[in-house]
Amino acid sequence: MSVIVVLIGASLLVATGFLIAYLWAVKHGQYDDKYTPSVRILFEEEKKSENRNQKSEINSKE
Amino acid sequence: MQVEKFNYDNQIVKQFMIASVVFAIVGMLVGLIIAVQLYVPELNFGIQYLTFGRIRPLHTNAVIFAFVGNIIFAGVYYSLQRVCKARMWNDKLSQFHFWGWQLIILAAAITLPLGITTSKEYAELEWPIDLMIAVVWLSFGANLFGTILKRREKHIYVAVWFYIATFVTITVLHVVNSIELPVSLFKSYSVYAGVQDALVQWWYGHNAVAFFLTTPYLGLMYYFLPKAANRPVYSYRLSILHFWALIFLYIWAGPHHLLYSALPDWAQSLGTVFSIMLIAPSWGGMLNGLLTLRGAWDRVRDNPILKFMVVAVTAYGMATFEGPMLSLKSVNAISHFTDWTIAHVHIGALGWNGMLSFGILYWMVPKMWGTELYSKKLANSHFWISTLGIVFYAVPMYWAGIAQSLMWKQFTPLGVLQYPNFLETTLQIIPMYIIRSIGGLLYFVGMFMLVYNLIKTAKAGKFIKNEEAEAAPYEKDSDKLKRGMIHRWLEKRPVKFALLALVVVLIGGLVEIVPTFLIKSNIPTIAAVKAYSPLELQGRDIYIREGCVSCHSQLVRPFRSETERYGEYSKAGEYVYDHPFLWGSKRTGPDLAREGNKYPNVWHYLHMEDPRQMSPGSIMPRFPWLLTQTLDISTTPAKINAMRSLGVPYEIGYENFANQDLQKQADVITQDLIKNGIPAEPDKDIIALIAYLQQLGTDIKVNQATIK
């Protein structure tokens, strides 16, 4: 049954390692660009037919 | 830089969307039927395939895996292509995924009413279907990662992370919980027994809610809500933070489904602590969704799609606040086994999943057919009728749950139970059941408004099967892992990201399960607890087939109100031979853990024939077919062998004599029935079921008698 000690030990080791990596990441400013991605998805359809976009704008004003 | 031209596959999105709407109607119809069965028990029309116990899993599976599952895939296939700026990796794989998933649903729709079930909640499907699920699910994963790998956009948008976490975790959950030993083509036994099975099951059950009903929907929210509002998400940083926190915390919360059970206390407490912590990341997501609309609430007024989404996100906030509250032992003591739980899950299902799905459907169909929504007015009506439906569903269920629980616990000044007859507490809440079904009906009617509106919308436009798009190619860069760049680095590497997510999720599961799984001493063996006799084993499988566990628990909690009503509280050691465990999660009828020897055989016989013969007013369906159907004893040797492989101490060679023992025991019960004027025959299903019921919980009683 010593396998438990090994498993729990290994699990906690990985968990701790992950925690350290995560804290380290936060501390070193990973999230520099925390704005552009959120805006980018809104512009993905710009290339599509201009006619439709105009039409939908007119419709939405009704 | 050269701009590449390509196109998005809308066809697969359309297929999943249609399947989702069709199965939403089917799933809700079945839900409505079982809701009415609770006050009109004859609504199965005397057909064994339509009893509550058999079609309740049909309802849950249809709604979770057919309605919600298909809309997840529709939403994922739509948004993934667009945020990755790439067509799905492989069109054939997409089609395989679609048809495979529908085949699984078909298999579920056939097997569940037939009583082919493992009895483990939300994992009822038998082993051949489990294998199908694994294959089809992996095909989805391959397509997901294939598309991410060939993306043209370096940055992986937050929604995609949620999809990755969904895929990875559901894979692990499904595999671990579905480890079962086949007895025949349509019958298997869980390899885990009793407490261990319970822990694995609720680790799965809770995380099915977390990673099938929550994380993919958060991903969908992060794509479709900003799109519908035409505003960027409130805080991109918050989305990153709450994503990591959510997947790290969720996996540990499963044991809160087993509070006051025979599960070791430390595991229960662990579940509670992590459940409380979950408020933070859950509300992080909820607030991020709602605050996206800051300064744009006027659009909510005008736009039915946003209305659906706002109610969905609000319902998510309510359900994720309520969840941790229900994980507190003092609250759980009242709420567990009652309709409170039903109310809670329907705030999630009808509110969060349903309303967000409707919003997404109303948004996607006009886009994909290149037109405008046919009628905003009708969509608004749909919004109001479904919102009203949720209120009429949830409020009576909360009321019913609390009222019944307090009645169960009420003592008179003399110290005896005020409502010793369980049925009295059931009859008290029948009016609530009626109002609940009206709420469900309102929500159901709304579905037809949706269908009409979407068909009209589609007819007005023209389906864009392959939507043209263009983007600059992905510039492969070789940035090394630098200081301050870890998350950036990760975001560009989906496979490593998935592995990391898998590690995070596995740690939670392993630490919790491994100890109880491996330490034998965690489950004190009780010398008096014996393996089931062959007849009892067959009876237990009938109990499983008929879905008795849907309404009857087999777990007496250590409260005076329960020990007075049912008998000695349940010990872990009593369940060591239970493959699978049958603790149940809802007491529509009384607990059966100590049912053995409470009533004579003849009572059970007549009660199964028509419960109202013995308990006037009972809402249990009749099971007359048990009295006439012949028990299939050809399976006995295989079952004995399977159980022995799982560690149940049947002697080697016993399988050859098991049926002789079975017949001996059946004869004894039959003789007793005949003595009481029942023309019973020993080879019928009912005899086995009576043998099982009469054995329930008696090991301990025998033990106590000998001690005294």
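Axes are lines fitted to C-alpha atoms, for helices over the stretch in contact, with angles running from 0 to 180 degrees between N-to-C directions. Helices (H or I, at least four residues) and strands (E, at least two) are DSSP runs, numbered from the N terminus.

This is a predicted model: local features need pLDDT of at least 70 and side-chain atom pairs count only at pLDDT 80 or more, while totals for chains, interfaces and linings use all residues. Residues are numbered from 1 along each chain as its sequence is written, and chains are lettered from A and ligands numbered from 1 in the order in which they are written.

**Stop 1: a helix pair.** Select residues 52-84 (H2) and 91-111 (H3) of chain B; their axes come within 10 Å and cross at roughly 170°. That makes H2(B) and H3(B) roughly antiparallel. Now show side chains: on the H2(B) side, Leu58(B), Phe65(B) and Tyr77(B) are among the residues that meet H3(B), whose own contributors include Trp101(B) and Ile105(B). Contact here means C-beta atoms, placed from the backbone, within 7 Å.

**Stop 2: the core.** Stay on Tyr77(B). In the largest nonpolar core, which has 200 residues, Tyr77(B) is one of five that touch the most other members, along with Val160(B), Ile247(B), Met309(B) and Ala312(B). H2(B) supplies the largest share of this core, 19 residues. Such a core is a set of buried Ala, Val, Leu, Ile, Met, Phe, Trp, Tyr and Cys residues joined through C-beta atoms within 7 Å. Leaving aside neighbours within four places in sequence, Tyr77(B) contacts Ile12(B), Val13(B), Phe16(B), Met88(B) and Ser94(B).

**Stop 3: a loop tryptophan.** Jump to Trp369(B), in the loop between H14 (339-368) and H15 (376-409) of chain B. Buried, partly exposed or exposed? Trp369(B) has 19 C-beta neighbours inside 10 Å, so it counts as partly exposed; 20 or more would be buried, 12 or fewer exposed. Beyond four places in sequence, Trp369(B) touches Thr457(B), Ala458(B), Gly461(B), Lys462(B) and Phe463(B).

**Stop 4: H22.** Select residues 601-609 of chain B, where Asn601(B), His604(B), Tyr605(B), His607(B) and Met608(B) are buried. The buried residues of H22(B) pack against H23, H24, H26 and H27 of chain B.

**Zoom out.** Chain B holds 28 helices and 4 strands, and its C-alpha trace spans about 90 × 55 × 50 Å along the principal axes.

How values were computed. Angles under 35 degrees count as roughly parallel, over 145 as roughly antiparallel, 65 to 115 as roughly perpendicular and the rest as oblique. Two residues are in contact if their C-beta atoms, placed from the backbone, lie within 7 Å.
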